[in-house]
2 protein chains.
Amino acid sequence: MATNKAGTSQDNVFHKTRRDHSNEIAEDYVEAIAQLHSEDGACRVTRLARRLGVSHVTANRTVARLVSRGLVTTSPYQPIELTDSGRRLARTAKARHEIVIDFLISIGVPAEIATADSEGIEHHCSPETLKAMKHFSNTRNH
Amino acid sequence: MATNKAGTSQDNVFHKTRRDHSNEIAEDYVEAIAQLHSEDGACRVTRLARRLGVSHVTANRTVARLVSRGLVTTSPYQPIELTDSGRRLARTAKARHEIVIDFLISIGVPAEIATADSEGIEHHCSPETLKAMKHFSNTRNH
DNA sequence: CATCATATGTAGCCATGGCTACATGTCAAC
DNA sequence: GTTGACATGTAGCCATGGCTACATATGATG
Ligand SMILES: [Mn+2]
Ligand SMILES: [Mn+2]
Ligand SMILES: [Mn+2]
Ligand SMILES: [Mn+2]
């Protein structure tokens, strides 16, 4: 139905990319928050800001948006906590990120460059693409 | 020097992704403008807007930004023209885009999904990653 | 040459995601 | 208990990239 050939669901391929971008910040933030919990036992906003390369103001305001999306909880001057939903998102984002990095390395991209490129690429990989990547890495690395 | 391990040049890997995103619109626009020139002999703003899945207002304003970047020229009620610089960017963006699509297809991603995912992925692929993709597609497709 | 559909342009709204400058809170060390 | 360093929060700025509603231009058709 409709004059639409692009796969996803709505419309134009560019819409899919824009949708990816609107989820990107949430994914990167919860992944970083989970990392800091592992590394430091807690996630303070200043550390989070440094990790993401933004000012603490930006981090603070973005975290407030994540609260309204139900991904994290905060209380004044306290560390940032993930909700169940946030933890789940962090887990899947991390898994996806690792698939992409490993894949890039397995096709011969130097590790540092794979790390850098994967940070953007990860958000645009549909399940089918991830499946192809995973399959390739596995058969390549025995 | 510095406490920096990430590849590109500045700082944090997230900075690289943000830089990619700030070039993305320009790349997609000039590529689409060049396509419409091929297909229709000229690029009218309304067709461009439809192609990109945005309102004509958004297209118009974005084109104005491209003018100030020296990528296109406009005059009122006339078709949009690419500058030499714009044509060059369109050419490299198109070539890069094709490398990414062909590569995704060659690892087994269905064509429609490869088309959709590549629209975002293309902007995050450094020269090294493109080289690895090109090499892989070539050796795989004989 | 008047009319009208369509294209183009403009005004003004919104959310996001950056920032600096400043204000306030917290906590450890003296 | 004060003090001072550092963390956190707030006010308010900016650019980008979306939009709707409305105004005007253009060009084909009667
Ligand atoms: Mn990322
Ligand atoms: Mn992207
Ligand atoms: Mn493209
Ligand atoms: Mn694109």
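How many residues does helix H4 of chain B have, and how far does the helix reach from its first C-alpha to its last? This is a predicted model, in which local features need pLDDT of at least 70, side-chain atom pairs count only at pLDDT 80 or more, and totals for chains, interfaces and linings use all residues. Residues are numbered from 1 along each chain as its sequence is written, chains are lettered from A and ligands numbered from 1 in the order in which they are written, and side-chain values use heavy atoms, with hydrogens and water left out.

**View 1. Helix H4 of chain B.** Helix H4 (residues 84-106) has 23 residues and reaches 33 Å, close to the 33 Å expected at 1.5 Å a residue. Helices are DSSP runs of H or I with at least four residues, strands are runs of E with at least two, and both are numbered from the N terminus. The expected span is 1.5 Å times one less than the number of residues. Just after H4(B), Gly108(B) takes a positive phi of about 105°.

**View 2. The manganese site.** His21(A), His124(A), His21(B) and His124(B) each coordinate the manganese ion (ligand 2) through NE2, at 2.2 Å. Donors are N, O and S atoms within 2.8 Å of the metal (3.2 Å for Na, K and Ca); water is not among the atoms, so sites may look incomplete. His21(A) lies in helix H1 and His124(A) in the loop between helices H5 and H6 of chain A, so the pair ties together parts 103 residues apart in sequence. His124(A) is buried, with a relative accessible area of 1%, whereas His21(A) is partly exposed, at 22%. Buried means under 20% relative accessible area, exposed over 50%, and partly exposed in between (1.4 Å probe, protein chains only).
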